[in-house]
Amino acid sequence: MKNLEIFLETNNVANATAKAELLLQYMNEILEWNKKVNLTAITDTDEFVQKHFIDSLLVIDSEEFNNSKTVIDVGTGGGFPGVPLAVCFPEKNFLLMDSLAKRIRIVNEICGKLGIKNVKAVHGRAEEMARQKDMRDSFDLCVSRAVANMSTLSEYCLPFVKKGGTFIAYKGPDCESEIEEANHAIHVLGGKVSRIENPKLSETDFEHKLVFVLKEKDTPKTYPRKAGKPGKEPIKRK
């Protein structure tokens, strides 16, 4: 568990000890709930710290994250990456979204119990939520560790982002061909891949690539398409 505190200190997160302790409390709550509701397949505590906490925090040295005040986490599941980011940066506001109501109810309950006040978790599908006036084009940053191909994930996420804001996707280590195939969809949705980073977690072979997508122009009103369609029929070049 000391690895978490060391990671926070190394990355200049203020009050690293207290924040590491709060994150470990969140982990214990998630693992207790996990006995009743499927929130994570990772139950080993050391692995949890690496794959849920440290992995979630890989974005924190990016200019895009540091310049953002409002962040949406699409497909948050058990609260990742949103909750670890919110705990470490209480000055930012986070909206966490998931299509499973049980998960959202649990995340809200735990955050309330632990006093994590800059998180609000909401139940809904991205295809529907992104059409709400108070949600569309409203966030400086969107982050997502959701399992979906990049074309589909971009259709879920980019409509939430303000023009000039950024969408950061956490993807697997072999995502280059997937990103290449998604470039047309990203362009259609108003975005452009600005860079791909490959931060490596120490002492583990687990890794995520971070795909940074700059939103250059407004997403056309026809997107996202109706629920289910982005997953079944990703945007492709005609």
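Predicted model: local features only at pLDDT ≥ 70, side-chain atom pairs only at ≥ 80, totals over all residues.
**Exercise 1. In which sense do β6 and strand β7 pair, and over how many bridges?**

Solution. Strand β7 covers residues 209-215. β6 and β7 pair in the antiparallel sense, over 6 bridges. For a landmark, find Glu-197, which stands opposite Leu-210 in β7.

**Exercise 2. Which strands stand at the edges of the sheet, each with a single partner strand?**

Solution. First, write down the order of the 7 strands: β3-β2-β1-β4-β5-β7-β6. The sheet is open and its pairing is mixed. Next, look at the edges: β3 (119-123) and β6 (191-197) stand there with a single partner strand each, so one side of each is left without a neighbour in the sheet.

**Exercise 3. Which strands does helix α9 lie across?**

Solution. Locate α9 at residues 176-188. This helix lies across β5, β6 and β7, and runs at about 155 degrees to β6. Now try helix α8 (residues 150-157): α8 lies across β1 (70-74), β4 (139-144), β5 (161-171) and β7, at about 140 degrees to β5.

**Exercise 4. How are helices α2 and α3 oriented to each other: roughly parallel or roughly perpendicular?**

Solution. Take the axes of α2 (residues 16-33) and α3 (residues 45-54): they come within 11 Å and cross at roughly 110 degrees. Angles of 65 to 115 degrees count as roughly perpendicular, and α2 and α3 are therefore roughly perpendicular to each other. Then look at the contact, which includes Leu-23 and Tyr-26 of α2 and Phe-48 and Val-49 of α3. By class, this contact of α2 with α3 has 9 nonpolar, 1 polar and no charged residues.

Terms used:
Residues numbered from 1 in each chain as written. Heavy atoms only, no water. Axes fitted to C-alpha atoms, helices over the stretch in contact; angles between N-to-C directions. Helix = DSSP H or I, 4+ residues; strand = E, 2+ residues; numbered from the N terminus. Parallel < 35°, antiparallel > 145°, perpendicular 65-115°, else oblique. Contact = heavy atoms within 4.5 Å. Nonpolar A, V, L, I, M, F, W, Y, C, P; charged D, E, K, R; others polar. Pairing = 2+ DSSP bridges.
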